Amino acid sequence: MFRKPVLLFIKLLALFFPYAVQGQEMKSKEVQLQELNDSAKSYWNTDPKLAGEFAAKALVIAKELKNTNAEYNAVYSLGVSAFYQSDFPEALRQFLEALDLAKKMKNDTLIAGSYNSIGNIYNNI
């Protein structure tokens, strides 16, 4: 009597289990991405080289997930990292890329922040 419903349940479970696992992997990548971007930002002033390493890892995941906002954060952090290491040409390149991403998102706050950072580079050259 219970055999058919149990077998049906097992078949359905086997059918949907791969999708559940894939969803967990995506979620863990999103969490990892957020943690990397947060870590990068937290090291801007104290260890800009380490901040750049976290940001570079975040950038790879952000592009993989097609998460433009997280990609902006990673690129911007790469710019800050270069700026604090006095690598102004690299900082400018990263901030210009961040500006392009901010414009694609039509986010005026991020656009203004990118322009401000670009201005800071020219102020320090």
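This note comments on selected helices, residues and loops of a predicted model.

1. Packing of H2 and H3. Two packed helices are described by the angle between their axes and the distance between the axes. For helix H2 (residues 48-65) and helix H3 (residues 68-84), the axes come within 8 Å and cross at roughly 155 degrees. H2 is therefore roughly antiparallel to H3, since angles over 145 degrees count as such. The crossing of the two helices is left-handed.

2. Composition of the H2–H3 contact. On the H2 side, the residues involved are Pro48, Lys49, Gly52, Ala55, Ala56, Ala58, Leu59, Ala62 and Lys63. They meet Ala70, Glu71, Ala74, Val75, Ser77, Leu78, Ser81 and Tyr84 of H3. Sorted by class, the contact holds eleven nonpolar, three polar and three charged residues.

3. Phe54. This residue also belongs to helix H2. Once neighbours within four places in sequence are set aside, Phe54 is in contact with Leu36, Ser39, Ala40 and Tyr43. The C-alpha atoms of Phe54 and Ala74 are 8.3 Å apart, with a separation of 20 residues in sequence. Ala74 is one of the H3 residues that take part in the contact with H2.

4. Gln94. Helix H4 (residues 88-105) contains Gln94. Its relative accessibility is 5%, so Gln94 counts as buried, the cut-off being under 20%. The side chain of Gln94 makes a polar contact with the side chain of Glu90, at 2.7 Å. Residues up to four places away in sequence being left out, Gln94 touches Val75, Leu78 and Gly79. Val75 and Leu78 are also among the H3 residues that meet H2.

5. Lys66. Most residues other than glycine have a negative phi. Lys66, which is not a glycine, has a positive phi of about 55 degrees. The residue is placed in the loop between H2 and H3. Lys66 counts as exposed because its relative accessibility is 71%, and the cut-off for that class is over 50%.

6. Lys106. A positive phi is also found at Lys106, where the value is near 55 degrees. Lys106 lies in the loop between H4 and helix H5 (108-124). With a relative accessibility of 71%, Lys106 counts as exposed.

7. Points to inspect. Which residues does Gln94 touch, not counting residues up to four places away in sequence? They are Val75, Leu78 and Gly79. In which loop is Lys66 placed? Lys66 is in the loop between H2 and H3.

How values were computed. Residues are numbered from 1 along each chain as its sequence is written. This is a predicted model: local features need pLDDT of at least 70, side-chain atom pairs count only at pLDDT 80 or more; totals for chains, interfaces and linings use all residues. Side-chain values use heavy atoms; hydrogens and water are left out. Helices (H or I, at least four residues) and strands (E, at least two) are DSSP runs, numbered from the N terminus. Buried means under 20% relative accessible area, exposed over 50%, partly exposed in between (1.4 Å probe, protein chains only). A polar contact is a pair of N or O atoms within 3.5 Å; within protein, one must be able to donate a hydrogen and the other to accept it, and residues adjacent in sequence count only if both atoms are side-chain atoms. Contact means heavy atoms within 4.5 Å. Axes are lines fitted to C-alpha atoms, for helices over the stretch in contact, and angles run from 0 to 180 degrees between N-to-C directions. Angles under 35 degrees count as roughly parallel, over 145 as roughly antiparallel, 65 to 115 as roughly perpendicular and the rest as oblique. A crossing is left-handed if the near helix is turned anticlockwise from the far one by less than a right angle, and right-handed if clockwise. Ala, Val, Leu, Ile, Met, Phe, Trp, Tyr, Cys and Pro count as nonpolar, Asp, Glu, Lys and Arg as charged, and the others, Gly among them, as polar.
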